[in-house]
Amino acid sequence: MAGRFPQRPTRTTVRGGHAGVPGGIPGGVPRQAGAPGRVRRWVPEGPLDLGLVLGPLRRGPGDPTFRATPDGSVWRASRTPAGPGTLRVRAYGGEVRGEAWGPGAEWLLERLPELLGAADEPGAFVPRHRLLAEARHRRPGLRLTRTGLVLESLIPSVLEQKVTTVEAYRAWRLLVRGFGEPAPGPGPAGGRMFVMPAARTWALIPSWEWHRAGVDDKRASTILRAVRVAARLEQAVGMEPGAAQARLEVVPGVGPWTSAETVQRSHGAADAVTVGDLHLPGIVGWALAGNRSADDSEMLRLLEPYAGQRHRAARLILLSGKVPGRRAPRMPVRRIAEL
């Protein structure tokens, strides 16, 4: 019966970039309340799974910049070079319909194909392991997104440094809701969406608000240093992923882990491996060689046959759900007052 029904998301597949997007209502796109936005229609080449493509952009189930709705739509609120914008994407009948609102609407629609993986080359990936072949077969709609926006991926990645996902998601949610601005347009039912704060606004957040969000001084300082050179960092989107990572890592506090997590989203970097991760080497080692104790060097050795596509290989492993059993307690959620 494998393949007849969709796989149920697990903690690992969610980390691999799986966002549950309902199938929607047959027969078209439901009418939305509020003023209509700008519209663009696009026909992708081959299958496209919105939940897999856009899933890595969601920072937790309560992310105020991301929403998947029962009609099969994915909503995103972004701060573009042209200003804030809201994008609603819906796939049906082999076609994608994008609708956008706000000053950034035209910018978002212009880059809609790249956001949905048009610049990705999944055919360049040749599986050399049965697990990866099966994972790719079960996820034919997987494409690597390219947002063209650096800061919106860098800041939440910094918040995720050396803490649990629960802590990081809570910090992102509180800071965006507290200091961002309401997303333009009608928005989905079930709660208002927000655009993340502008670079100057991040720089003006009081220290006690960082603490209330559970962000220690080290991560807060890294974000403050990054937003001071926001324009230079955003220029990195025009560079090759390796050069972009090097520019990001000039900012003290941004290392290989954070830069890789950023360019995977901003550039659609198929080869950007996340090194320095607590769990990923063991997951890759277990999936490809039965070695749950693999370190970064062993992970890179195992992924060497996939040079140029190592991030895709790691992501397919995560989406396969094959992980070693837990042998240690979960990392505790820390209280900022105790640090």
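1. Start at lysine 162, in the loop between α6 and α7 (165-179). The model is a predicted one. Phi of lysine 162 is near 55°. That is a positive value, and the residue is not a glycine. Is lysine 162 buried or exposed? Its relative accessibility is 71%, and the cut-off for exposed is over 50%, so lysine 162 counts as exposed.

2. Now the charged pairs. Side chains of opposite charge can pair when their charged atoms come close. The structure holds 15 salt bridges. Three of them are taken up below.

3. Glutamate 114 pairs with arginine 146 in a salt bridge. Their closest N and O atoms are 3.2 Å apart. This pair links distant parts of the chain. Glutamate 114 sits in helix α4 (residues 112-115). Arginine 146 sits in the loop between α5 (130-138) and α6 (151-159). The two are 32 residues apart. Glutamate 114 is partly exposed, at 34% relative accessible area. Arginine 146 is also partly exposed, at 22%.

4. Glutamate 209 and arginine 212 form a salt bridge too, at 3.2 Å from N to O. Where do glutamate 209 and arginine 212 lie? Both are in helix α9 (residues 207-212). They are three residues apart, about one turn of the helix. Glutamate 209 is partly exposed, with a relative accessible area of 21%. Arginine 212 is exposed, with 55%.

5. Aspartate 216 makes a salt bridge with arginine 219. The closest N and O atoms lie 2.8 Å apart. Both residues, aspartate 216 and arginine 219, are buried.

6. Next, the rings. A pair of aromatic rings is described by the distance of the centres and the angle of the planes. How many aromatic pairs does a search of the whole structure find? It finds four. Tryptophan 75 belongs to strand β3 (residues 73-80) and tryptophan 101 to strand β5 (residues 95-101). The pair therefore ties together parts that are 26 residues apart in sequence. Tryptophan 75 and tryptophan 101 are both buried.

7. Tryptophan 202 and tryptophan 210 also pair: their ring centres are 6.0 Å apart and their planes at 25°, so this pair is stacked. Tryptophan 202 is buried, with a relative accessible area of 0%. Tryptophan 210 counts as buried at 3% relative accessibility. Ring pairs join Trp172, Trp202 and Trp210 into a cluster.

Note on methods
Residues are numbered from 1 along each chain as its sequence is written. This is a predicted model: local features need pLDDT of at least 70, side-chain atom pairs count only at pLDDT 80 or more; totals for chains, interfaces and linings use all residues. Side-chain values use heavy atoms; hydrogens and water are left out. A salt bridge is a side-chain nitrogen of Lys or Arg within 4 Å of a carboxyl oxygen of Asp or Glu. Helices (H or I, at least four residues) and strands (E, at least two) are DSSP runs, numbered from the N terminus. Buried means under 20% relative accessible area, exposed over 50%, partly exposed in between (1.4 Å probe, protein chains only). Rings of Phe, Tyr and Trp (its six-membered ring) pair if their centres lie within 6.5 Å; planes under 30 degrees apart count as stacked, over 60 as edge-to-face and the rest as tilted.
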